[in-house]
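Open the model in your viewer and keep the selection tool at hand. We will go stop by stop.

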Amino acid sequence: MSQLTLNIKRGAKKIIHTNGPIELESPTKRRRLAYEDTMKAYGLTPITVTVDFNIPYIEKKKIFTQIFKDHPDLDAIFASNDVDAALIMQVALEQGLHVPKDLLLVGYDGTQIIQNILPGLTTVVQPLEQIAQTAVTVLKQRLNNEPTDTEYILPVTLHKGITG
């Protein structure tokens, strides 16, 4: 069961997903589609806010602040990455909201540094070592003109903090 599903079962009804530009073909597109499918399966309206990963911090902060202004009844946010989740947590506090009492928050990446700096952040953990090993294997195969798959799906885990 996904963390999104668990948050819905905990009573969250208005859950926003932040995501990179929709026109980019990247794995984040699958995250957005899974979010939308899950929301629809529970009869909820999916709301995705596009946030370019490469824009300056101050611009992201303006976008996240606007989310809270536009959606005062917001229950939860599924952030596209942990750095954005940390900034969202800061903006929520500035808006007088406390995570997780007033807002459930889940990030994505789950790097060891994030788990050390923000151990309370609930985040989807990518298997970085397995990703690196797979990338090296595929690179070797392609250098040797050997066939490779066009897509590799690796399992993620959940670091259950207190935020989601």
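Select helix α3 and its surroundings. The buried residues of α3 pack against β1 (15-19), β2 (47-50), β3 (76-78) and α4 (82-94). Keep in mind that this model is predicted.

Which residues of α3 are buried? Pick K60, K61, F64, T65, I67 and F68. Now look down the helix axis. These buried residues fall within an arc of 150 degrees, so they line one face of α3.

Show all of α3, residues 57-70. Its 14 residues reach 20 Å from first C-alpha to last, close to the 20 Å expected.

Next, select the strands. Six of them form an open sheet with mixed pairing, in the order β2-β1-β3-β4-β5-β6. Find β2 and β6 (157-159) at the edges. Each has a single partner strand, so one side of each lacks a neighbour in the sheet. From one strand to the next, the twist averages 25 degrees.

Bring α3 back. It packs on the sheet, touching β1, β2 and β3, and its direction makes about 160 degrees with that of β1.

Zoom in on β4 (104-109) and β5 (122-125), a parallel pair with 4 bridges. What stands opposite V106 in β5? Select T122.

Last stop: α6, residues 128-143. After α6 comes N145, with a positive phi near 55 degrees.

Methods. Residues are numbered from 1 along each chain as its sequence is written. This is a predicted model: local features need pLDDT of at least 70, side-chain atom pairs count only at pLDDT 80 or more; totals for chains, interfaces and linings use all residues. Side-chain values use heavy atoms; hydrogens and water are left out. Helices (H or I, at least four residues) and strands (E, at least two) are DSSP runs, numbered from the N terminus. The expected span of a helix is 1.5 Å times one less than its number of residues. Buried means under 20% relative accessible area, exposed over 50%, partly exposed in between (1.4 Å probe, protein chains only). The arc is that of the directions from the helix axis to the C-beta atoms. Contact means heavy atoms within 4.5 Å. Two strands pair if DSSP finds at least two bridges between them. Axes are lines fitted to C-alpha atoms, for helices over the stretch in contact, and angles run from 0 to 180 degrees between N-to-C directions.
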